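Hi everyone, thanks for making time this morning.

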Amino acid sequence: MKGIIPPKSTAMYYSHTIEDNKIGLFTSFVKSLIEGRQEYKPVVNNVIEEAHALALGNKTLFNIDRDSYPIVVLLEENDPDFFKTVDSNKADEGVYQKVLNILTEQKSISYY
């Protein structure tokens, strides 16, 4: 079948798009929380707790929350030492700002 180009697979593009959308939405939740919108605190703290558990080895890539999987992995891989010590129950603006910094740094890197 020389000369026939197989159709491009969209599976990888679709996967990255979903992950990017989840990360983008979570980033907006963190920004809103920093601005004082407390209704986002449970969602943000849940992701921080998952990253903490992953960093400590209490959870693995196979049993972290599937909905927040790309966010949890991104956060934990970018600063495992921070997530080993963070306590989501005592999270304050400094913790949220650190999470936001990781997310925005990652976003700027992904554009290169």
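Let's start with the second largest pocket: its lining residues divide into 6 nonpolar, 2 polar and 3 charged.

A quick word on what we're looking at. This is a predicted model, where local features need pLDDT of at least 70 and side-chain atom pairs count only at pLDDT 80 or more, while totals for chains, interfaces and linings use all residues. Residues are numbered from 1 along each chain as its sequence is written, and side-chain values use heavy atoms, with hydrogens and water left out.

Back to the pocket. You can find the lining at K22, L25, F26, F29, V43, N46, V47, D65, D67, S68 and I71. Two elements give two or more residues to that lining, α1 (11-34) and α2 (41-56), and the largest share, 4 residues, comes from α1. The space inside is about 160 Å³. A pocket here is an open set of points on a 1 Å grid over the protein atoms alone, where a 1.4 Å probe fits, with protein on both sides within 12 Å along at least five of seven lines; lining residues have an atom within 4 Å of a point. Grid points are joined across faces, edges and corners, and the volume is the space filled by probe spheres set on them.

Now the whole chain. How many helices and strands does the protein chain have? There are 5 helices and 0 strands, taken as DSSP runs numbered from the N terminus (H or I, at least four residues, for helices; E, at least two, for strands). Of the 112 residues, 36% are buried, meaning under 20% relative accessible area with a 1.4 Å probe, protein chains only; exposed is over 50%, and partly exposed is in between.

Next, α2. Its 16 residues reach 22 Å from first C-alpha to last, close to the 22 Å expected at 1.5 Å a residue; that expected span is 1.5 Å times one less than the number of residues. Just after α2, G57 takes a positive phi of about 85 degrees.

Stay in α2 for H52. Why is H52 called buried? Because its relative accessible area is 15%. Leaving aside neighbours within four places in sequence, H52 is in contact with F83, K84, T85 and V86, contact meaning heavy atoms within 4.5 Å.

Helix α3 (residues 69-78) is mostly covered, with 7 of its 10 residues buried.

Not counting residues up to four places away in sequence, I102 touches L74, L75, N78, D79 and F83. At 7% relative accessibility, I102 counts as buried.

Last stop, S32 in α1. S32 is buried too, at 13% relative accessible area. Beyond its neighbours within four places in sequence, S32 is in contact with R37 and Y40.

Key: Ala, Val, Leu, Ile, Met, Phe, Trp, Tyr, Cys and Pro count as nonpolar, Asp, Glu, Lys and Arg as charged, and the others, Gly among them, as polar.
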